[in-house]
Amino acid sequence: RKEYVDLYVNYIFNKSVQKPFGDFMQGFLRGCPARNWKMFSPEELQVLLQGHPTFDWHLLEENVIYRGYEKLDRTIRNFWAVFHELPEEKKKMFLAFLTGSDRISGYGPERFRFCIAEYNSQGENPDELSPYVSTCQLILFLPR
């Protein structure tokens, strides 16, 4: 029975996918030669491709650039007070809203910066406006 299980597992996880995986690997290595990837350890490569899975949210706050706001403005203080009370899952959802991904790129959290800019809409009540983002430029437009 043990031999049967071992052979079956080997077939499912190795032999049955050998041809499709070989084709994938050949195409992948054509676009991304292996010599370029060998300089990374497996852990470094995972972070480079997937981003950092854990965050220091206070470091994120420290790295923000403000346009039209000051760090001590009431709107900004309220924003960060609410943000830090959110559960981890909601903070990651905010990151996905801001960047399109719930992870910070491989450069590292200490280098990640985004901008909070004042959302100026002439003549409209700011209480009726919603925040919006420019994901390409990493700008959160926040009404007062």
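The conversation below concerns a predicted model.

Visitor: Is F13 buried or exposed?
Guide: F13 has its place in helix α1, and together with Y4, V5, Y8, V9, Y11 and I12 it forms a nonpolar patch on the surface, with about 760 Å² of accessible area together. Since residues over 50% relative accessible area count as exposed, the value of 61% makes F13 exposed.

Visitor: Which residue has a side chain joined to that of N14 by a polar contact?
Guide: N14 lies in the loop between α1 (2-13) and α2 (18-31), and with a relative accessible area of 44% it is partly exposed. A polar contact of 2.6 Å joins the side chain of N14 to that of N10.

Visitor: Is the pair of F79 and W80 stacked or edge-to-face?
Guide: Both F79 and W80 are buried, and both belong to one aromatic cluster that also includes F55 and W57. Their ring centres lie 4.9 Å apart and their planes stand at 80 degrees; because planes over 60 degrees apart count as edge-to-face, the pair is edge-to-face.

Visitor: What is the angle between the planes of Y132 and F141?
Guide: Y132 is partly exposed at 37% relative accessibility, whereas F141 is buried at 16%. The two form a stacked aromatic pair, 4.7 Å centre to centre, with an angle between the planes of 15 degrees.

Visitor: Where does UniProt place the feature "active site"?
Guide: The residue in question lies in the loop between β3 (132-134) and β4 (139-142), and at 77% relative accessibility it counts as exposed. According to the unreviewed UniProt entry, the "active site" is at C136.

Conventions: Residues are numbered from 1 along each chain as its sequence is written. This is a predicted model: local features need pLDDT of at least 70, side-chain atom pairs count only at pLDDT 80 or more; totals for chains, interfaces and linings use all residues. Side-chain values use heavy atoms; hydrogens and water are left out. Helices (H or I, at least four residues) and strands (E, at least two) are DSSP runs, numbered from the N terminus. Buried means under 20% relative accessible area, exposed over 50%, partly exposed in between (1.4 Å probe, protein chains only). A polar contact is a pair of N or O atoms within 3.5 Å; within protein, one must be able to donate a hydrogen and the other to accept it, and residues adjacent in sequence count only if both atoms are side-chain atoms. Patches are made of residues with over 30% relative accessible area and no salt bridge: like charges are joined within 9 Å, nonpolar side chains (Val, Leu, Ile, Met, Phe, Trp, Tyr) within 5 Å. Accessible areas come from the Shrake-Rupley method with a 1.4 Å probe; for residues, only the protein chains shown count as cover. A salt bridge is a side-chain nitrogen of Lys or Arg within 4 Å of a carboxyl oxygen of Asp or Glu. UniProt positions are given in the numbering used here, feature names are shortened, and annotations may be inferred rather than shown by experiment. Rings of Phe, Tyr and Trp (its six-membered ring) pair if their centres lie within 6.5 Å; planes under 30 degrees apart count as stacked, over 60 as edge-to-face and the rest as tilted.
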